[in-house]
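Please look through the sequence and the structure below before reading on. The report that follows takes a helix pair, then another, and goes on to the sheet and the surroundings of the ligand.

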Amino acid sequence: YPSLTHPSVPLNSSTHHLHFCCDITFLCFLGTSHQGGYSHEAVVYALQVCGIRHIDTAKRYGCESFLSKAIKESGVKREDLWITTKLWHSDYGYENTKQACLESCKQLGVEYLDLYLVHWPDAQVPGKSNREVRAETWRAMEELYERGICRSIGVSNFLINHLEQLKEDCQITPHVNQVEYHPFHRPQELVEYCRSRNIIFEGYCPLAKGEALSHPDIIQLAKKYGKTPAQICIRWSIQNGIVTIPKSTKPERIQENCEVFDFSLAEDDVSIINGMHDGRHVSWDPTPVV
Ligand SMILES: NC(=O)c1ccc[n+]([C@@H]2O[C@H](COP(=O)([O-])OP(=O)(O)OC[C@H]3O[C@@H](n4cnc5c(N)ncnc54)[C@H](OP(=O)(O)O)[C@@H]3O)[C@@H](O)[C@H]2O)c1
């Protein structure tokens with residue numbers, strides 16, 4: 001499982017483990033281009049010019065087939081890419097999960113996934129508990145992993161109780177948990193739990209969907225380091241050992257978000273940002289999901 005940046009492996013600047021924007025459904029859902037959208041130009045630019053090799057998407061975002069086109073156009077070889085996609089809850093269950101994975105591969109134009117994630121802990125299957133459906137689903141994920149269709153498998157938005165149940169019900173420990181992580185939301189207990197079980201913690205919404213960029217402390221740190229607020233947030237995630245996936249639809253911002261390997265935040269400044277945690281979610285909150 002070497003290709004996804006692990007907290008103990010230094011990030012290097014030639015292969016950025018960052019992220020393209022892919023949430024076209026969020027555009028439709030929220031009706032504002034600020035919140036999402038898909039830009040073919042930006043994805044091709046990220047691959048060809050910025051050297052980005054980590055693509056994080058999901059069936060839910062509705063752009064797997066667009067990405068297939070952008071990847072082909074970029075000329076970057078499949079084996080040089082890290083492609084993550086996610087299983088949406090309408091496809092949970094043993095047979096559906098396997099089928100959905102193959103369909104995502106088809107949409108993305110690939111024969112295997114580097115990482116496949118169970119998107120959300122709530123299953124919403126009438127007559128079955130979430131725990132039961134998550135376990136059935138995870139057994140299919142294990143099979144996809146054993147067959148080599150998914151080089152690694154993981155979960156997203158899972159809290160400690162969800163992970164503890166999965167441990168009792170299934171065999172393979174998730175390789176990754178992708179969870180909201182930004183200056184206002186730093187779930188340290190979950191980070192430490194994941195580390196203790198060798199589950200890589202991947203943080204999403206590292207800019208708090210842009211909300212963190214206007215915080216006075218972030219602006220002050222940006223001035224101090226001669227960097228932008230987005231670069232300060234991304235660097236902070238990296239220095240906390242978090243694999244992070246900032247998103248932008250704009251080529252110049254994608255480039256900016258990559259330029260985070262030529263400076264370090266002093267420990268005191270990391271602590272200032274650590275202290276901004278107030279627990280708010282800018283995405284969804286899995287706490288009520290049993
Ligand atoms: N697993 C999950 O349940 C889950 C949930 C939510 C998100 N995610 C993943 O995490 C990714 C990132 O999350 P996110 O997009 O919600 O939030 P984000 O990365 O924290 O913020 C994205 C927002 O910041 C803006 N932005 C990006 N770079 C910027 C820069 N350098 N300067 C100023 N503004 C900048 C973007 O606008 P422009 O596009 O206009 O630049 C966009 O509005 C998503 O694409 C998604 O794949 C996963």
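## Helices H2 and H3

Helix H2 passes helix H3 in a right-handed crossing. This is a predicted model, and in it H2 covers residues 40–48 while H3 covers residues 64–74, with the two axes coming within 9 Å and crossing at roughly 40°. An angle under 35 degrees would count as roughly parallel and one of 65 to 115 as roughly perpendicular, and H2 and H3 are therefore described as oblique to each other.

On the side of H2, the residues that take part in the meeting are His-40, Val-43, Val-44, Leu-47 and Gln-48, and they face Phe-66, Leu-67, Ala-70, Glu-73 and Ser-74 in H3. Sorted by class, this contact of H2 with H3 holds 6 nonpolar, 3 polar and 1 charged residues.

## Helices H4 and H5

A further pair is formed by helix H4 (residues 94–108) and helix H5 (residues 130–146), whose axes come within 7 Å and cross at roughly 45°. H4 and H5 are therefore oblique to each other, and their crossing is right-handed.

From H4, the contact draws on Tyr-94, Thr-97, Lys-98 and Cys-101, while H5 contributes Glu-136, Thr-137, Arg-139, Ala-140, Met-141, Glu-143 and Leu-144. In the contact of H4 with H5, the residues divide into 5 nonpolar, 2 polar and 4 charged.

## The sheet

The model also has an open sheet of 7 strands, which follow the order E1-E2-E3-E4-E5-E6-E7 and pair in the parallel sense. Strand E1 (54–56) and strand E7 (243–244) each have a single partner strand and stand at the edges, so one side of each is left without a neighbour in the sheet.

Val-179 stands opposite Gly-203, which belongs to E6.

## Around the ligand

Which residues come nearest to the ligand? Of the 30 residues around the ligand, the nearest are Tyr-204, Leu-207, Ala-230, Lys-247 and Ser-248.

When the shell around the ligand is sorted by class, its residues divide into 11 nonpolar, 12 polar and 7 charged. Helix H10 (residues 251–258) supplies the largest share of this shell, namely 3 residues.

Definitions and conventions. Residues numbered from 1 in each chain as written. Predicted model: local features only at pLDDT ≥ 70, side-chain atom pairs only at ≥ 80, totals over all residues. Axes fitted to C-alpha atoms, helices over the stretch in contact; angles between N-to-C directions. Helix = DSSP H or I, 4+ residues; strand = E, 2+ residues; numbered from the N terminus. Parallel < 35°, antiparallel > 145°, perpendicular 65-115°, else oblique. Left-handed = near helix turned anticlockwise from the far one by under 90°. Contact = placed C-beta atoms within 7 Å. Nonpolar A, V, L, I, M, F, W, Y, C, P; charged D, E, K, R; others polar. Pairing = 2+ DSSP bridges. Near = placed C-beta within 6 Å.
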